[in-house]
Amino acid sequence: MPMETVRLAREGEIAIATIDNPPVNALGQALRADLARAIAEAGADPTVSAIVLAAAGRAFIAGADIGEFGKPPLAPFLPDVLDAIETCRKPVVAAIQGVALGGGLEVALACHGRVASVSASFGLPEIKLGLIPGAGGTQRLPRLIGAAQAFPLMLAGEPIAASRALQLGLVDEVVDGDVVAAAVALARDLAARGAPERVCDRTGRLTAADREAFEAQALATTKGSGEMPNAMALIEAVRGVFTLPFAEALAAERALFLKLVADPRSAALRHVFFAEREIARVPGIGADVKPRPIARTAVIGAGTMGGGIAMCFANAGIPVTLIEQEQAQIDNGMNRVAAIYAMSVTRGSLTPEKRDERLALITPAVGLAAAADADIVIEAAFEEMGVKQQIFGALDGIAKSGAILASNTSYLDVPTIAAATKRPQDVLGMHFFSPANVMKLLEVVRPQGIADDVVVTAMALGRRLGKVPVVVGNGFGFVGNRMLEARTRATERLLIAGALPHEVDAALTGFGFKMGPCAMADLAGNDIGWRSRKARGKTAAVADAICEAGWFGQKTGRGYFLYPEGARSGQRDPEVEALIARISEEQGVTRRSFTTDEILSRLLDPMVNEGARILEEGIAARPGDIDVIWLSGYNWPAWRGGPMYWADTVGLRTLVARLEQQAAETGDATLQPAPLLRRLADESKGFADLKARSA
């Protein structure tokens, strides 16, 4: 006989229903059934005047049972259980310790009172699963705290602390002590007042001013996230609190929720959610491996990247020494950092006090000797092997024993850098993305022979910095830039074959990217890739010709596009288009037009092909890791799930056929399908069928 997940006990005339469904009291079918039974039993007992809903363990209710995802729902359904709580003729008070997330918060909202411990946290994270709250969250939360307060919380999906919940009116009381005893006291008080007030009947916060503020938020969200089906559904559901009776609004919310469950874009967002959870599990490293303590850090190089990395540490409250070779260089670097913080103050995203706190955590210094007391040293110097080896060789004699030495290299071989030291087991790559103080992605490069606790420390530090850290293997360009180079080569092929820069970019922005490859190159500076190609003996006829003309992008007013008077968005440049046509003619290519679908295929298929090689080589442990990298660092549209997920939706047999056709047309052997891609296609499988392997 299955164990009951809800236990009933008594404290005088107060019934205490304690949820006990380890490890996080997830709202599976058994818990829903036991909860409904407990409410009905206590509600029918004439000796009970009120009910306290408590929980065992460290969580109140952490949300839905993930094991039920993708399966047919089983009765009793959560909305019905919550209706039983809300319509109970006796007051029901939630005693909330730990987390109340998703359906857990919806349970609390259906209660007539809420008491929280100081350590409790609250959130409706369904947006991150491509969904919206589906059991009354979009209706009860606005009625409790106002739509203009509730909508941003649901749109962000991030938890809030008990103190903030009290400030908003989400909870009635926060206690530093026995939360159940406090809930019992509130339950007695509510019982003495008579029939309990239901959240569904509250309208005091739904004022004309609240509606106006919500509609302004909805308009801004539509402009910024109009392609996100869950965001649009959330707007529609919350608007229902103003336009529909509660029962109708509740039914509308449920219909929107169920529609999202079936929406392929929402399915892609759910894939992203679980892929982001999975990246924390590093193959081959057990949970018993603990990170090294990081109390003080050092960054070598005070340029744009080094300064941004130093800001990451300061923003996380970690002291950092920013090091340069000369006083003028460190002065310029600190001035740049101060200017960025000043801009944040001007915009209102940072207070002057916080700015001063963060600047005080950055200690400028001249000379590598200043890194002697750092627990981790991150090198952010020029992308030249000789420079990096020289720095690491010097650091080897300066850094303390047990200190981690990391390179911010984008492409270079980490073991070759580590060979300049006598501690290769402590040397790894930590590839930040520019601007480092903004971009979320962090590639943690795990070369052969690296100590496990060094990898674990880099991952933990990345999370502490607010990054999305992903472990990758050592290899040219690692994962993100290696696939980006495949797309860059594809862009060059398309331009020579007949497409124009604005057509290439329009295809990609229409797919959901915020920027196309040509505009992105102009923004970053075309000379960066030019220098890299020359250093590696590589050429790209169109890109090289643009650079040889001195058209480096936005900073020079011309690149693939024109940027008159410092414009941030480019205009078509007839001279560039004529230059491209001339190169096509010189190469004996008869230019032709391409459809949007053809352009997308020629841009994205080679990326997937390179991703398959990366997986086969063990540079990435999982297809989901590649997807997270492209979402977090390269603006792949989240609702398309990432390149490897997208490939599965297209079908790998289709991709193999398209790549074979492209290889035949161009004579480019790199476009031949990767062995892994071909094998999966032959077996009628997808990348989702692969198991994780050690990166």
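Modeller: Let us begin with Asp-625, which counts as buried with a relative accessibility of 3%; please keep in mind throughout that this is a predicted model.

Colleague: Which residue does the side chain of Asp-625 meet in a salt bridge?

Modeller: The partner is Arg-622, and the N to O distance in that salt bridge is 2.9 Å. Arg-622 is buried as well, at 9% relative accessibility, where the cut-off for buried is under 20%.

Colleague: How many salt bridges does a search of the whole structure find?

Modeller: The search finds 43 of them. In general, side chains of opposite charge can pair when their charged atoms come close.

Colleague: Pick another one, then: what does Arg-10 form a salt bridge with?

Modeller: Arg-10 pairs with Asp-45, and their closest N and O atoms are 3.4 Å apart. Because Arg-10 lies in strand E1 (residues 6–11) while Asp-45 lies in the loop between helix H1 (29–44) and E3, the pair ties together parts that are 35 residues apart in sequence.

Colleague: What about Arg-188, which residue is its salt-bridge partner?

Modeller: That is Glu-13, with the closest N and O atoms 2.9 Å apart. Arg-188 sits in helix H7 (residues 179–193) and Glu-13 in the loop between E1 and strand E2 (14–19), so this pair ties together parts that are 175 residues apart in sequence. Arg-188 is partly exposed at 34% relative accessibility, and Glu-13 is partly exposed at 29%.

Colleague: Changing topic to helix H5, which of its residues are buried?

Modeller: In H5, which covers residues 147–156, the buried residues are Ala-147, Ala-148, Ala-150, Phe-151 and Met-154. They lie on the same side of H5, because the arc they cover around the axis is only 160°. As a general point, an α-helix has 3.6 residues a turn, so residues three or four places apart point the same way.

Colleague: What covers the buried residues of H5?

Modeller: The cover includes helix H4 (137–145), helix H8 (208–225) and helix H9 (229–243). Just after H5 comes Gly-157, which takes a positive phi of about 75°.

Colleague: Which residues other than glycine have a positive phi?

Modeller: Among them are Glu-565, with phi near 50°, and Asn-635, with phi near 65°. Glu-565 is in the loop between helix H22 (541–548) and helix H23 (574–586), and at 86% relative accessibility Glu-565 counts as exposed. Asn-635 is in the loop between helix H25 (623–633) and helix H26 (643–650), and Asn-635 is partly exposed, with a relative accessible area of 41%.

Colleague: Last one: where are there cis peptide bonds?

Modeller: One joins Ala-75 and Pro-76, with omega about -5°, and Pro-76 is in the loop between strand E3 (50–55) and helix H2 (78–86). Another joins Ser-434 and Pro-435, with omega about -5°, and Pro-435 is found in the loop between strand E15 (427–432) and strand E16 (441–446). For context, most peptide bonds are trans.

Key. Residues numbered from 1 in each chain as written. Predicted model: local features only at pLDDT ≥ 70, side-chain atom pairs only at ≥ 80, totals over all residues. Heavy atoms only, no water. Helix = DSSP H or I, 4+ residues; strand = E, 2+ residues; numbered from the N terminus. Buried < 20%, exposed > 50% of the residue type's maximum accessible area, 1.4 Å probe, protein only. Arc of directions from axis to C-beta. Contact = heavy atoms within 4.5 Å. Salt bridge = Lys/Arg side-chain N within 4 Å of Asp/Glu carboxyl O.
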